[in-house]
Amino acid sequence: MSPADRLVPGAAGAETLVFELPNDIASIEGAVDHAVEHCVPAGLDRRRLLFNFRVGLTEAISNAMLYGSSGGSDTRVRVELTAVPGEVRVRVSDQGGGFDPEAVPDPRLPENLTLPDGRGVFVMRALMDEVRFNRRGNAVTLVLREPPGDGPTYRRLPKPVAETLEDFDTQPGLDVRAWEVVAGERVPVHGSGGGGSRTSVGHSFTVPLGTDRELEVEVAGDGPGSALAGILRASLERAGSLAREVDRSRNALAAALEANRTIREDIARERLTREMELAHDLQMKLLPPIPRVPGVEAAARVMPATSVGGDFYQVIQLSGGRVGVMIGDVSGHGFPAALIMALVMSAAAIYAEEGAAPAAVLEYVDRAIGDELESTEMYLSLCYCVLSPGTAEIAYSNAGHPHAFVVEAGGGARRLFATDPPMGIGAAPYGQSVADWRPGEDILLLFTDGLSDTLAHTGRNSGEDLVLQTVSARHRSRADEILDELFELCRRATPSIPSDDRTAVVLRTL
Amino acid sequence: MSFNLRRFGQAAVVEVAGQLIVGNRQELKRMILAELEEGTRQFVVDFALTGYIDSSGLGILVGLSKKIREAGGRLRLASLNEDLRTLFELTKLYTLFEICDSLEEALTE
């Protein structure tokens, strides 16, 4: 349930879920899935719920947004949903002037068949069991029902047969024995039904317990016992019929629980498939292997998060024995972030491989994805460094990436400060800077927020300090061993899957 | 939701993973029109991974089919499940489209 929801008690114990949506068509899909989860008590067929109901509600909400708004973007669409066993009822209303649903022409007529619009009301009516507009035409009520006959049964739970039998055992002078008979097999269920001697059997009778089983009862006793046996029989017959109800209810309940589970799973799976798995696979596939460049030792790693972020790195072999190192972090998550990341990486690689200077590479990337960033309102930090084995300089451009360092052998670290704001906030031309570099001694260390944020919770020092200390302490180790140490620290800090990607690149030259 | 574009020979195949509805239909339109602009003429929209389509989604397919036809191209719809097929039948839109049982059929026909 989202914070804006209200649950309003209604008739017959049903609650009405009420929520409002902004006039934004992008919010429809999530709202519809949210509503579906509230439909579970209806116990409707899963397929009808996931198809008919979702399409019908999508139509109603999009109608309200597209045609029902009074113009302003602050207008809202209200959804009220009630689910009772066998029926889901949802009312969608807007603040607009309404329209006449009867005036909508039949979209199936040949002259209307190729029109792009005008099918919404028809589709609603075709898929829902009932569609009713209010007089003004700015509210519609949709009803989806279980087909009559095989609906689940919900009654007050009956008193079980066993309890009835035990009640009568306390009566003096009465000996009750019972067997359950299932498919011809007779199993003692009450009293010493398995054996024992008995002076006389006063009464015996059978009570049906379900379609395929019954209860055989023998009552021994005299005097008041024979009168009680009659009452017992009547009580058991009532209990038996109630037991059959219990069975039906239990089955219906199990079916409803199963439907609940599978509906949630279906929705979750759909989201997973299309948002995370796609984006995540894409992200992992795109991260290229580290090339073997003579005189360069490099390692890089991403520990991906639950919701996919847009971290990326690449190490590019350049002409003249040089090597380019890039790290970036796209704001936002999921598929859009992965898409931006893919675009940045391919654009950057093309230009970097031509040997362009860091500032020129960033400018080229900006040209390639500037429109995409603007339309999605995303931005990214991007740092690109170029090194040559044996030379004492590192050239870099840094568009707002916070964690780029040269870690010295003596334990110090120099920050490669940003030359520009993040891409998407700042714009071309990009600046470029030079830092001192001691081949064989210095380590280039680039990492993203996910790494330092995780470690920030582990000690008194900031996460960034802890990363730097770890790398300094391991200064003589191989690049991949340094990363092992960093990621092991992270794993210990939060053993669960992280909420943000953690990425680090370590590189040294000879 | 997402649309995945793949190429098989001359044909562009767009897979609708999730829903095709009012909230994302423009994305599909942009993707296919860009391909049309690039010279692609054979299109398949693959619904194997689709949950549902609303009337806006149907509308965008009608519009695209017209644009592709006008450019001398061909649009086929593949792998509709029973519910989606019913939707095309109820709206009589199946008469407008070439509907194929599977992606293989759409690509080999």
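Modeller: Happy to, and let's start at Met341(A), which sits in helix 6 of chain A, the helix spanning residues 334-353. Please keep in mind that this is a predicted model. Is Met341(A) buried or exposed? Met341(A) counts as buried because its relative accessible area is 0%, and the cut-off for that label is under 20%. One neighbour to look for is Gly310(A): 31 residues separate Gly310(A) from Met341(A) in sequence, yet their C-alpha atoms are 6.0 Å apart in space.

Among contacts in chain A between residues at least 6 apart in sequence, 66% join residues at least 24 apart. The chain has 510 residues, and 47% of them are buried. Its secondary structure consists of 10 helices and 20 strands.

Which residues of helix 1 of chain A meet helix 2 of chain A? From helix 1 of chain A they are Ile28(A), Val32(A), Asp33(A), Ala35(A) and Val36(A). Their partners in helix 2 of chain A include Leu49(A), Phe53(A), Arg54(A), Leu57(A), Ile61(A) and Met65(A). Sorted by class, this contact between helix 1 and helix 2 of chain A has 10 nonpolar, 2 polar and 2 charged residues.

Another pair to view is helix 9 (residues 463-473) and helix 10 (residues 479-493) of chain A, whose axes come within 9 Å and cross at roughly 145°. Helix 9 of chain A also passes helix 10 of chain A in a right-handed crossing. On the helix 9 side of chain A, the contact involves Val467(A), Thr470(A) and Val471(A); on the helix 10 side, it involves Ile482(A), Glu485(A), Leu486(A) and Leu489(A). By class, the contact of helix 9 with helix 10 of chain A has 5 nonpolar, 1 polar and 1 charged residues.

The loops deserve a look as well. Most residues other than glycine have a negative phi, and most peptide bonds are trans. Pro429(A) lies in the loop between strand 17 (413-415) and strand 18 (433-436) of chain A, and the peptide bond from Ala428(A) to Pro429(A) is cis, with omega near -5°. Glu377(A) is in the loop between helix 7 (358-376) and strand 14 (380-387) of chain A. Phi of Glu377(A) is positive, near 55°, and with a relative accessible area of 71% Glu377(A) is exposed.

Ser79(B), in the loop between strand 5 (74-78) and helix 3 (82-90) of chain B, has a positive phi near 60°. Ser79(B) counts as buried, at 16% relative accessibility. Of the 109 residues in chain B, 55% are buried.

Conventions. Residues numbered from 1 in each chain as written. Chains lettered and ligands numbered in written order. Predicted model: local features only at pLDDT ≥ 70, side-chain atom pairs only at ≥ 80, totals over all residues. Heavy atoms only, no water. Contact = heavy atoms within 4.5 Å. Helix = DSSP H or I, 4+ residues; strand = E, 2+ residues; numbered from the N terminus. Nonpolar A, V, L, I, M, F, W, Y, C, P; charged D, E, K, R; others polar. Buried < 20%, exposed > 50% of the residue type's maximum accessible area, 1.4 Å probe, protein only. Axes fitted to C-alpha atoms, helices over the stretch in contact; angles between N-to-C directions. Left-handed = near helix turned anticlockwise from the far one by under 90°.
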